[in-house]
Amino acid sequence: MLELLVSLCGHSYQQQQLHWLGFLYRASLALEYVPEGWRHSKVIFIPKMGKVDYANARAWRPISLMSFQFKTLESLILCHLEDTVLKTKGLHKDQHAFRKGRSTETALSDTVDYLESAVFRDGFAVAVFLDIEGAFDNLLPEGVLDSLMERGTSRELLNWFTRYLSTRKVSADYKEVSASRRLVRGTPQGGVISPLLWNLAFDELLELFDGSAVKVCGLRR
């Protein structure tokens with residue numbers, strides 16, 4: 001069982017609330033079950049800048065409004081992974097997206113340094129840019145789970161992630177129209193742990209070029 005401790009502090013009422021919240025978190029992990037209310041997100045759509053046609057669905061960015069109790073649990077799980085399995089095997093060295101101390105600037109600096117090195121050696125370098133459309137929306141749970149399993153994640157937490165990623169539900173309201181869908185792929189944009197799950201799955205692609213003449217660089221636009 002994954003042990004996640006909630007710090008109890010403040011007045012007795014606050015302590016009682018934190019006690020029950022901690023109990024719910026431990027029960028969710030021990031039972032490998034995510035309550036239905038935590039799996040349901042309300043989605044709002046924010047227009048992307050510079051788009052010509054806003055009748056196109058890709059001109060909008062879906063942001064998931066999630067339960068704050070669940071986002072707190074996500075934060076605890078993220079801390080747990082960073083303190084355990086990611087210390088055993090961290091993210092790929094060429095992954096710059098969604099990482100502390102890394103950014104688009106570090107990715108550009110790393111890439112420019114590689115290109116300049118080729119020029120100074122009287123060589124040449126060819127750059128290929130790959131833009132993954134709908135990255136968070138189309139992420140397959142299998143890729144995330146395989147990466148977590150490879151890093152030695154506990155069976156209980158793997159089963160918890162399986163339940164969550166394969167049984168999410170989203171709903172959206174616009175004027176007098178309401179719609180809801182059950183999702184079997186992707187992670188919510190706005191989720192605390194979603195960026196890490198994407199990096200874990202994407203690491204497999206970066207690892208394909210280890211030891212080769214190809215320099216790869218993962219970043220977020």
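Mentor: Residues are numbered from 1 along each chain as its sequence is written, and side-chain values use heavy atoms, without hydrogens and water. In this predicted model, local features need pLDDT of at least 70 and side-chain atom pairs pLDDT 80 or more, while totals for chains, interfaces and linings use all residues.

Trainee: How far apart are the end C-alpha atoms of helix α3?

Mentor: Helices are DSSP runs of H or I, at least four residues, numbered from the N terminus. The expected span is 1.5 Å times one less than the number of residues, so the 16 residues of α3 (residues 68–83) should span 22 Å. The computed distance agrees: 23 Å.

Trainee: Which residues of α3 are buried?

Mentor: Buried means under 20% relative accessible area, exposed over 50%, and partly exposed in between (1.4 Å probe, protein chains only). On the other side of α3, Phe68 and Asp83 are exposed. The buried residues are Phe70, Leu73, Glu74, Ile77, Leu78 and Leu81.

Trainee: How many disulfides does a search of the whole structure find?

Mentor: A disulfide is a pair of cysteine sulfur atoms within 2.5 Å. Cys79 is partly exposed at 42% relative accessibility, and Cys217 is partly exposed at 24%. The number of disulfides found is 0.

Key: Helices (H or I, at least four residues) and strands (E, at least two) are DSSP runs, numbered from the N terminus.
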